[in-house]
Amino acid sequence: MTRRRSDPPKVRAISCPDSDWDRVRKRAEAAGMSMSRYVVEKALTVELVTDQDGRSRFPPRLVLTEEDQIAIRDGVARITERMADPDDLTDLGRLRKRVGFLLMATMLAMVRDRRIREMTRILAELFGPEEGGRIAERFLAPARRQGWLD
């Protein structure tokens, strides 16, 4: 015995770029559904937002997809790892070493010109009072041993 449907299904058309259609297809396959069933299920689970008069309005849409957000997070993590590794020879690693060299050369020139207070003030502005003070002291200790501060 076959069951009769109360309303026969109707054909509906959806227009979207091929890239979106491919994403829908992949997600439908991952969910083990046909594309039609997947689209209908997703459409039925959207929470519509209404205004004070009870009229539906679309909720704000995110600009980035979940995949885009993950890609950005992973990219930032790779950049952070490169910046933290002093032995890194990528462009970021070389840039970090060059900036460090410029910092050291500037600090050395300031010490030789007897501008230690100014150097310490600038370091405190750039890195905060505690870290700036530690950087200045780490630099000044060998300078004292070398006799540069006599």
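Let's start with Ile-135, which touches Met-107, Leu-123 and Phe-127 when residues up to four places away in sequence are left aside; touching, or contact, means heavy atoms within 4.5 Å. Keep in mind that this is a predicted model, where local features need pLDDT of at least 70 and side-chain atom pairs count only at pLDDT 80 or more, while totals for chains, interfaces and linings use all residues. Residues are numbered from 1 along each chain as its sequence is written, and side-chain values use heavy atoms, with hydrogens and water left out.

Ile-135 also belongs to the largest nonpolar core, together with Met-107, Met-110, Val-111, Met-119, Leu-123, Ala-136, Phe-139 and Leu-140. Such a core is a set of buried Ala, Val, Leu, Ile, Met, Phe, Trp, Tyr and Cys residues joined through side-chain atoms within 4.5 Å, and buried means under 20% relative accessible area (1.4 Å probe, protein chains only). Helix 4 (91-112), helix 5 and helix 6 (129-145) each give two or more residues to this core; helices here are DSSP runs of H or I with at least four residues, numbered from the N terminus. Helix 6 supplies the largest share, four residues.

Now hop over to Arg-117, which sits in helix 5 (residues 116-127). Is Arg-117 buried or exposed? Arg-117 is exposed, because its relative accessible area is 77% and exposed means over 50%. Arg-117 and Ala-136 are 19 residues apart along the chain, and their C-alpha atoms are separated by 9.7 Å.
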